[in-house]
Amino acid sequence: MKTFLLVFSIWGFDGTDWHFVGNQYVYSEPMTEHQCSTIANQNSWFAYESNPFYKIAARCMPTDASQT
């Protein structure tokens, strides 16, 4: 069974495009893709965003990099 990790990454907007800022946080407990996707879904969260030039993105990544 494939397992996944939940990754939060920070992005900045330069007025044209979004760019990875360089910081990310990994929830290191392996889970199924369904579990991870459910948690990462934006509808599962309340967001308080006051700066339109930064955002946090949640993504599920396979624990085995060869699965990407």
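Which residue in β2 does W11 stand opposite? It is F20. The legends below describe a predicted model.

Figure 1. The model shown here is predicted. Read along the sequence, the elements follow the pattern β-β-α-β. The chain has 68 residues, and 18% of them count as buried. Its C-alpha trace spans about 40 × 25 × 15 Å along the principal axes. The accessible surface comes to about 5,500 Å². Carbon and sulfur atoms account for 54% of that surface.

**Figure 2. Strand β1 pairs with β2 and with β3.** β1 covers residues 4-13, and β2 covers residues 18-31. These two strands run antiparallel to each other and share eight bridges. β3 covers residues 54-62. The pairing of β1 with β3 is also antiparallel, over nine bridges.

**Figure 3. β1 and β2 form a hairpin.** Four residues lie between the two strands. G15 sits in the turn, with a positive phi of about 100°. F13 stands opposite W18 in β2. W11 stands opposite F20, also a residue of β2.

**Figure 4. L5 has its bridge partner in β3.** That partner is M61. The strands around this view, β1 and β3, pair over nine bridges in the antiparallel sense.

**Figure 5. I10 is a buried residue of strand β1.** Its relative accessibility is 18%. Buried means under 20%, so I10 falls within that class. Which residues does I10 touch, leaving out those up to four places away in sequence? They are H19, F20, V21, G22, N23, Y25, K55 and I56. Take V21 as one of these. I10 and V21 are eleven residues apart in sequence. In space, their C-alpha atoms are 5.7 Å apart.

**Figure 6. M1 is an exposed residue in the segment before β1.** Why does M1 count as exposed? Its relative accessibility is 84%, and exposed means over 50%. The view also includes E33. M1 and E33 are 32 residues apart in sequence. Their C-alpha atoms are 9.7 Å apart in space.

**Figure 7. The largest pocket has a volume of about 450 Å³.** Rolling a probe the size of a water molecule over the atoms shows where empty space is left. How many residues line the largest pocket? There are 16. Q42, A47, E49, I56 and A57 lie nearest the centre of the pocket. Among these is I56, which also touches I10.

**Figure 8. β3 gives the largest share of the lining of the largest pocket.** That share is five residues. β1 and β3 each supply at least two residues of the lining. What is the make-up of the lining? Eleven of its residues are nonpolar, three are polar and two are charged.

Methods
Residues numbered from 1 in each chain as written. Predicted model: local features only at pLDDT ≥ 70, side-chain atom pairs only at ≥ 80, totals over all residues. Heavy atoms only, no water. 1 Å grid on protein atoms, 1.4 Å probe; cavity = no way out; pocket = protein on both sides within 12 Å on 5 of 7 lines; lining within 4 Å. Points joined across faces, edges and corners; volume = space filled by probe spheres on them. Nonpolar A, V, L, I, M, F, W, Y, C, P; charged D, E, K, R; others polar. Buried < 20%, exposed > 50% of the residue type's maximum accessible area, 1.4 Å probe, protein only. Areas by Shrake-Rupley, 256 points an atom, 1.4 Å probe, with all protein chains shown as cover. Pairing = 2+ DSSP bridges. Contact = heavy atoms within 4.5 Å.
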